[in-house]
Amino acid sequence: MVGGGAAGLWTALQAAEQGGVVCLVSRTPLSQSASFWAQGGLAAALEPGDSPAQHATDTIAAGRGLCRPSAVEVLVDEAPGAVAELRSRGVAFDLEPDGELSLGLEGGHTRRRIVHSGGSATGHEITSKLAAMVAAEPQIEVRERASMTALWSDRERCHGLLTEEGRIAAPATVLATGGAAALWRRTSNPRGAIGAGPTMAAAAGAELADLEFCQFHPTALALPGTRFDGLLITEAVRGEGATLLDGAGRRFTDELAPRDAVTAAILDRLEADDTTAVSLDLRGLDPSRFPNVFASLIEAGLDPSAKPVPVAPAAHYMMGGVAVDLDGRSSLPGLLAVGECSCTGLHGANRLASNSLSECFVFGGRAAAAALKETAPSSRPEPADWRFEAPAEATRDAVWALAGPMRREEQLEQLLADPYPLAAAIAACALARQESRGGHLRADFPALDPELDRVHLLFGTDDQVRRESWR
């Protein structure tokens, strides 16, 4: 098990409780994963007037014709049960005065269905509770501050992984290494979100999918040159009344449209006004509803209760990753993936807000069950010589400049030469998708191509891109 965020912790816990012996490898302490900082919540159809069918409709609409229907069905059907199980294990979600779950509204959702903890501290609540459960589980060995350097593979099967300390053999290896949005210079993600898992999976012989789709969160703080630039301002504030304003102080978009639509509207406004930011007005909100957001903005030197704050899109979430089935199995036997490093096709071209945390628990449990069915081969080959190398700072600059929110053929072709394999793979897939859809916008192909509905692009072991329809 590689990764100490929500997906990794839950998958490890589920596998151990079903009788598996688990070694959990985490590059950082469990309290410093990307999930720990997650402001969003879990999406689940829990309101009396809501239903899994309506949740599915919203997910598919946000995904812009690319969601895998079977993956959507699994998520919406199993998400309510995941919330109930987390509550039964002591995770404290926000409640209404009558004791019922407090359900938030976020962009693209037609019903209130987002469960939060501490307003915008959901990641802290969930991962801290799960980390304690994992630490207390005798079937799990936790190796913190251990970095995977490669998967142990002969390109026909994964036999385990390699770390800086040595080899770890396993009949099943599950990646839960997080996303790749920090490959873009302007990002809401921690610096370690560089797609290490998919990069190592591809080197080991697994296929990747949907790499052209990065979600650019519309409301990341715009304070260039400071450590606060890119700070995420959760979508939940817009669900409770925060508005987006142009330079003249006028609203210019539907703040609760799906993220790709809000991002596109902001990009249009930035170009029209020849500026680098629009304003997010939080003055009508009660700071006690979002204490972490208001505290962070005040720390950045802003007063959100008195004046709108500057925001602009930033890379936030990768829809693409290791291509897997509904049980987390990759194209390479013995290798599974779950969470943001994976790609089931659930999110399509544009993730619906808060579906990602729900995905960690729904698909993490399924991956744990599938991993326990794997059996070790009678012998293992010697590991290959390849070892992972992190991208240079120049790669982050190049990915933002050449494959940012708006893309063009000549820029993507330049990115093909980047030395970091995942950056070049992103460029190859973005070049191959000659249309604009969700998180992938092409200035030279501005329209959506209906012929590409439900057509996913897979990046193969031969570095070639091929098409495949998923159902």
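## The second largest cavity

Let's start inside the protein, at the second largest cavity, which has a lining of 14 residues; those nearest its centre are M319, S342, C343, T344 and H347. This is a predicted model. The space in the second largest cavity comes to about 60 Å³.

Two strands, β14 (309-318) and β17 (342-343), each give at least two residues to the lining of the second largest cavity. Sorted by type, the residues of that lining are five nonpolar, six polar and three charged.

## The largest cavity

How many cavities of 30 Å³ or more are there? The count is four. The largest cavity holds about 80 Å³ of space, and 13 residues line it. Nearest the centre of the largest cavity you will find F216, D260, T263, G438 and G439.

Which element supplies the largest share of this lining? That is α7, with four residues. Both β11 (214-221) and α7 (259-273) supply at least two residues each to the lining of the largest cavity. By type, the lining of the largest cavity has six nonpolar, five polar and two charged residues.

## An open sheet of five strands

Now for a sheet, where β17 turns up again. Five strands make up an open sheet with mixed pairing, and their order is β17-β15-β10-β18-β19. The strands β17 and β19 (465-469) are at the edges and have a single partner strand each, so one side of each has no neighbour in the sheet.

As a general point, strands in a sheet pair by backbone hydrogen bonds and can be parallel or antiparallel. Here, strands β10 (residues 208-209) and β15 (residues 321-323) run antiparallel and are joined by two bridges.

## R113, an arginine in a loop

Our last stop is a single residue. R113 sits in the loop that lies between β3 (103-104) and β4 (114-115). Is R113 buried or exposed? Its relative accessibility is 0%, and because buried means under 20%, R113 counts as buried.

What does the side chain of R113 make a polar contact with? The partner is the side chain of D58, at 2.7 Å. Leaving aside residues up to four places away in sequence, R113 touches D58 along with L42, A43, A44, D50, Q54, H55, L103 and G104.

Key
Residues numbered from 1 in each chain as written. Predicted model: local features only at pLDDT ≥ 70, side-chain atom pairs only at ≥ 80, totals over all residues. Heavy atoms only, no water. 1 Å grid on protein atoms, 1.4 Å probe; cavity = no way out; pocket = protein on both sides within 12 Å on 5 of 7 lines; lining within 4 Å. Points joined across faces, edges and corners; volume = space filled by probe spheres on them. Nonpolar A, V, L, I, M, F, W, Y, C, P; charged D, E, K, R; others polar. Buried < 20%, exposed > 50% of the residue type's maximum accessible area, 1.4 Å probe, protein only. Polar contact = N/O pair within 3.5 Å; in protein donor to acceptor, adjacent residues only side chain to side chain. Contact = heavy atoms within 4.5 Å. Pairing = 2+ DSSP bridges.
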